[in-house]
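Work through the following exercises with the structure in view.

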Amino acid sequence: MSPFSKVVVAVGTYDGVLAGWELNANEKKKFKIAFATPVHEGSVRSIVMAQRHTEQHSSSKDEIPSSGDTTSFDQQQPGSLLSCGYDEVLRTHDFTKRLNSSGEVRTPAEFGTPVCSAFAPPMCLIHDNKSDESPPQGSTHCLVGFTEGKLVIYKKRDWSVQHVLAGHEGGVACIAVHPSGKMALTGGESDGKLKLWDLTKGRLSFVSKIKPAQAKGGKTQYEAVANIVWITTDNGEHAYAFCYGNHITVRDVAGGTDLLDVDLPSKVNQVCFLKVDEGLFVAAACNDGSLPVLAVENTDSEERRAIMAIEPVDGPVAGEERFKCIQSLVEGHVVTANSAGVVSLMDLRGAIRMMMADREEPSDDDDDAKEKGAETQDSDEESAEEDLAVDIIDAVQLGTGARVTVLAAWCCVQSETNQSDESSDSDNEEDISVEAPKENKLSKDEENAKKRSRPLEDRKVTIDDDALQRARALVKSAKKIQSRKVLKKKQKRGKSS
């Protein structure tokens with residue numbers, strides 16, 4: 001059963017085009033184009049979705065001035081979308097109006113180009129019809145980082161400037177607002193600094209340095225901090241992940257300790273958290289076309305659990321197969337975009353299960369553990385999905401392969417009540433179809449299905465233990481080969497669509 005009822009994805013391109021798709025879980029889980037329009041002269045440098053307000057409000061208060069319609073809170077739609085362009089213009093767009101621009105603000109020329117942005121409080125995932133969940137707080141401010149180093153805080157009500165902060169020497173590379181909306185982290189383009197800002201007072205709170213890349217002529221050089229993301233754990237604590245060059249760090253806020261600090265074989269463009277039943281993980285979009293998944297564990301051991309969900313592209317240059325963007329949704333689902341303009345909705349829970357299974361493999365001496373492992377293998381083999389490291393739910397391509405620069409995604413989380421309702425509805429539909437005129441034909445099909453699904457004991461089939469183990473090994477190998485074929489087919493289908 002799908003963990004979400006609806007997914008909305010928006011991307012910006014080097015050509016200044018803003019495009020978006022919608023996917024409804026009850027409509028065959030296929031992306032449908034919602035809009036595609038040029039919005040900037042030059043490339044789109046940043047897009048971000050706001051959290052919609054829970055009360056009726058005038059859009060003239062929440063959007064850039066020039067729209068006056070009144071809208072109410074709709075949990076089936078994300079808030080307004082902000083795009084920042086190379087033309088030094090900020091534009092807002094409304095999903096309910098299929099991205100008709102609701103206004104624009106031209107930024108001061110001395111600030112340079114707006115390259116990153118974030119709303120405060122940030123967007124959060126909403127549970128569909130969940131009455132016991134308090135409604136989220138709507139976004140009230142927007143932070144925009146510029147190439148000249150300034151960090152500007154706008155009031156979302158009328159898009160007036162509330163604060164202009166010093167930011168970073170050499171430019172602001174990325175922004176991430178704390179889930180509370182009261183703090184924000186920024187990363188520098190070339191100064192090697194991470195800065196924590198107190199948004200309630202509009203001032204700097206803390207500065208930390210990243211590892212230098214190299215020193216030339218006695219001057220230390222730093223990689224740009226490409227991406228920062230926050231996470232709230234199940235126990236209410238917070239952590240954040242950031243990447244620069246081929247390095248990923250996950251840091252605990254309360255203790256200030258690094259939960260993960262690793263170097264990958266390729267440059268990392270973006271990272272995202274995956275919070276699932278098995279624990280906390282990080283997925284990375286890499287320049288060589290790979291998509292690694294790493295476990296986040298508070299341990300002193302130098303060994304780290306990790307798996308390459310998608311292998312890197314063969315050859316020195318990945319080209320169009322480079323993963324440019326990745327954003328997490330819910331329960332191990334992510335949305336990715338590569339340089340060829342292919343946008344994919346993926347389920348990475350299979351990769352996590354493989355990772356955990358490899359770590360928990362029993363030793364050769366332990367017969368009991370072997371038997372337990374065999375039982376686990378039996379249950380795993382019952383579902384082919386568990387053998388897929390990546391399940392690509394759907395993939396689409398923008399035009400003939402427009403170069404994607406940025407991505408934003410949102411989903412409405414499907415509550416357990418709705419999932420059970422859907423199950424009962426599907427059961428009722430099956431009952432109705434049995435009572436239809438084609439009753440005899442359906443009953444024959446059911447009888448054949450029952451014959452095919454009879455237990456092995458009823459069919460009087462026997463097999464010795466050695467043969468059974470060999471058969472399981474062959475099945476497992478075949479499924480892995482099949483999973484790779486399925487993945488390649490889906491990727492090709494995404495490019496051609």
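The exercises below move from the whole chain to a sheet, the nonpolar cores, the aromatic pairs and some backbone details.

This is a predicted model, in which local features need pLDDT of at least 70 and side-chain atom pairs count only at pLDDT 80 or more, while totals for chains, interfaces and linings use all residues. Residues are numbered from 1 along each chain as its sequence is written, and side-chain values use heavy atoms, with hydrogens and water left out.

**Exercise 1. Describe the chain as a whole.**

Step 1. Begin with the secondary structure. The chain has 6 helices and 33 strands. Here helices (H or I, at least four residues) and strands (E, at least two) are DSSP runs, numbered from the N terminus.

Step 2. Turn to burial. Buried means under 20% relative accessible area, exposed over 50%, and partly exposed in between, with a 1.4 Å probe and protein chains only. Of the 497 residues of the chain, 48% count as buried.

Step 3. Consider the surface. The chain exposes about 25300 Å², and carbon and sulfur atoms supply 46% of this area. The areas come from the Shrake-Rupley method with a 1.4 Å probe; for residues, only the protein chains shown count as cover.

Step 4. Examine the contacts, defined by heavy atoms within 4.5 Å. Among contacts between residues at least 6 apart in sequence, 55% join residues at least 24 apart.

**Exercise 2. Determine the strand order and pairing of the open sheet of 4 strands.**

Step 1. Recall the general principle. Strands of a sheet pair through backbone hydrogen bonds, either parallel or antiparallel. The rule applied here is that two strands pair if DSSP finds at least two bridges between them.

Step 2. Read the order. The strands follow E21-E22-E23-E24, with antiparallel pairing. The edges are strand E21 (225–232) and strand E24 (258–263), each of which pairs on one side only.

Step 3. Consider the angles. On average, neighbouring strands of this sheet are turned by 10 degrees against each other, direction ignored. For such angles, axes are lines fitted to C-alpha atoms, for helices over the stretch in contact, and angles run from 0 to 180 degrees between N-to-C directions.

Step 4. Inspect one pair. Strand E22 (residues 238–244) and strand E23 (residues 247–252) run antiparallel and are joined by 6 bridges. Tyr-240 has Arg-251 in E23 as its bridge partner.

**Exercise 3. Identify the residues that touch the most other members of the largest nonpolar core.**

Step 1. State the rule. A nonpolar core is a set of buried Ala, Val, Leu, Ile, Met, Phe, Trp, Tyr and Cys residues joined through side-chain atoms within 4.5 Å. In soluble globular proteins, nonpolar side chains tend to be buried together.

Step 2. Name the residues. The core has 27 residues, of which Leu-274, Phe-281, Leu-291, Val-293, Met-346 and Leu-348 touch the most other members.

Step 3. Locate the contributors. Elements that each supply at least two residues of this core include strand E25 (268–276), strand E26 (279–286) and helix H2 (349–359). The largest share, 4 residues, comes from H2.

Step 4. Follow one member. Leaving aside neighbours within four places in sequence, Phe-281 is in contact with residues including Cys-272, Leu-274, Val-293, Ile-352 and Met-355.

**Exercise 4. Classify two of the aromatic pairs.**

Step 1. Apply the cut-offs. Rings of Phe, Tyr and Trp (its six-membered ring) pair if their centres lie within 6.5 Å; planes under 30 degrees apart count as stacked, over 60 as edge-to-face and the rest as tilted. By this rule the count comes to 6 aromatic pairs.

Step 2. Take Phe-119 and Trp-159. Their pair is edge-to-face, at 6.5 Å centre to centre and with 80 degrees between the planes. Phe-119 lies in strand E10 (residues 114–120), and Trp-159 lies in the loop between strand E13 (151–155) and strand E14 (161–165), 40 residues apart. Both Phe-119 and Trp-159 are buried.

Step 3. Take Trp-230 and Tyr-240. The ring centres are 5.4 Å apart and the planes stand at 55 degrees, so the pair is tilted. Trp-230 belongs to strand E21 and Tyr-240 to strand E22.

Step 4. Trp-230 is buried at a relative accessible area of 14%, and Tyr-240 is buried at 10%. Trp-230, Tyr-240, Phe-242 and Tyr-244 form one aromatic cluster.
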